[in-house]
Amino acid sequence: MRPADVADMWWRNATVYCLDVETYQDSNGDGIGDFRGLTSRIEHLASLGITCLWLMPFYASPNRDDGYDVADYYSVDPRLGTLGDFVEMMRTARHHGIRVIADLVVNHTSDQHPWFQESRSSLTSPKRDWYVWRESPPQDAPRAVIFPDQEDSLWRQDEATGQYYLHHFYRHQPDLNISNPEVRDEIARVMGFWMELGLSGFRVDAVPYLLSTADTLAAERETDPHSYMRALRSFMARRSGDAIMLGEVNVPYDDLMRFFGDGGDELDLSFDFPGMQAMYLALARQDAGPLDDALRSRPLPPRDTRWATFVRNHDELTLDQLTDDQRDEVFAAFGPEPDMQVFGRGLRRRLPGMFDGDQDRIRMVYSLLFSLPGTPVLFYGEEIGMGENLDVPGRSSVRTPMQWEPGAGGGFTTADADKLRRQMPAHPYSPDEISVADQRGDPDSLLTYMTMLISKRRDNPHFGFGDVEWLTSAQPSVLAHKAVLDGDSVIAVHHLGDGPVEVTLMPGLEPGTQLRDELVSGAGVAEPIEVAEDGTLTVSLGRYGSCWLRS
Ligand code: NOJ
Ligand code: CA
């Protein structure tokens, strides 16, 4: 692998970090995170080693869905700062070698967006066809709603004209009509605008819904919605050759592959939702089987496209692709109380809470994340093991302010705690117990461990660029794989069980090859080990142990 190629395909060896500006750092004491605050924290991201920042929506918004309800695509929400503050943040990130991508939320707008206000005003409004209107809901309605706690239909009657509009998400998020060429042009203009300001691409929200034409009348429908995706992708490539689209596509693998495009000409990256869900089932059972099966069946994305892997994101930890029984197993293990669950399909906890703070187990999961083929994506606060606050309703339980220092405001803000939109978690996850300041420089902290993992991932491009082989292990609790790049191998072994294990593998390496653990964690393999005469490799690991072995 030529180093220049590694740089060109930067997303294949990147570590992505997702944050919401609103909950990251408040610079002016009003209790709301802002761009100036984020700029002051770029140093933290640089020393952690992340290479790509993913900003959740920061556009002007009534904020009824945390900014996923956009009221103006061309401006920064004034609560978060100005365009000038945005550009200074971009400049600072670039100085530290960090790329920035942002959410592109164009399946829908806010109902407060002037486009919708105009569209709803009359049947003959020039913007009428920017949204999807019907005289009455289609016969097959109501189909499955996404937020069953608040909606029971995808269609909502609007008083002004009596017609119904489509909204896949909340009723205050009317779907844009992407069959309309004017809407398509405007979406491209939005992308072009932010790319001129330095974005390296987008996390594309709700891709299957964006491309769905099920609710568009046949006469208005493009022959193939994927041709639109290809057009958007090539528009982006014309504006900037190394920009990426990271898509949110939560569907089974077979359906998911279509979103990469045949020759890899649609999404560059797609979140591995099926693999994530199989991982939680495997963790719940302390049996690597479900994950091993999922990874072996996981198709290879075409050409330079990749899976994006994650442990946690900003939404509910969805388990919607598991069977009811499997989901119940995960609920029982990691979120038995009804209050820990949401929508009947997911968990509203962060990993440390699910694991009762078990450090060995937490670290093993991140070692796994960083060794899997695909691009790892972290959610802010994972690097210090932040917990959730179940007193915060719904999905927002995991969107509490970043914990920088001990104290009431957690270093996030100087405002009084009652000014905060979301309260910090209580014991044992309060800022007094979990904070960046507390963990920085501590050789045994999770922050130090995560920093080490991120740098080891960069040092071992095998996982990002190599060919991966899933090794057979006779121990059900052990997942083992080998990544080979230019004839050089790294063997990753992860033990999902609570107790020591000894496993014998056939790594396909020359007898006598000496291997040492790349991870300097103390929980792995302390002394170099050797491939035996018969080609076997015996690895001993402690409870929830892991190692990345390299010659
Ligand atoms: C998916 C986002 O991840 C979620 O947070 C949001 O509510 C919906 N899309 C609607 O935009
Ligand atoms: Ca502020």
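## Calcium site

In sequence, the residues that donate to the calcium ion (ligand 2) follow the spacing D-x1-N-x1-D-x1-I-x1-D, donors being N, O and S atoms within 2.8 Å of the metal, or 3.2 Å for Na, K and Ca, with water not among the atoms, so that sites may look incomplete. These protein donors are Asp-26 (OD), Asn-28 (OD1), Asp-30 (OD), Ile-32 (O) and Asp-34 (OD), at 2.3 to 2.4 Å from the ion. Asp-34 is buried, its relative accessible area being 5% (buried means under 20%, with a 1.4 Å probe and protein chains only).

## Basis of the model

This is a predicted model, in which local features need pLDDT of at least 70 and side-chain atom pairs count only at pLDDT 80 or more, whereas totals for chains, interfaces and linings use all residues. Residues are numbered from 1 along each chain as its sequence is written, chains are lettered from A and ligands numbered from 1 in the order in which they are written, and side-chain values use heavy atoms, with hydrogens and water left out.

## Packing of α14 and α16

Helix α14 (residues 359-371) packs against helix α16 (residues 446-459) at about 20 degrees, their axes lying 10 Å apart; axes are lines fitted to C-alpha atoms over the stretch in contact, with angles from 0 to 180 degrees between N-to-C directions, and helices are DSSP runs (H or I) of at least four residues, numbered from the N terminus. The two helices are therefore roughly parallel to each other, a term for angles under 35 degrees.

Technical notes:
Buried < 20%, exposed > 50% of the residue type's maximum accessible area, 1.4 Å probe, protein only. Parallel < 35°, antiparallel > 145°, perpendicular 65-115°, else oblique.
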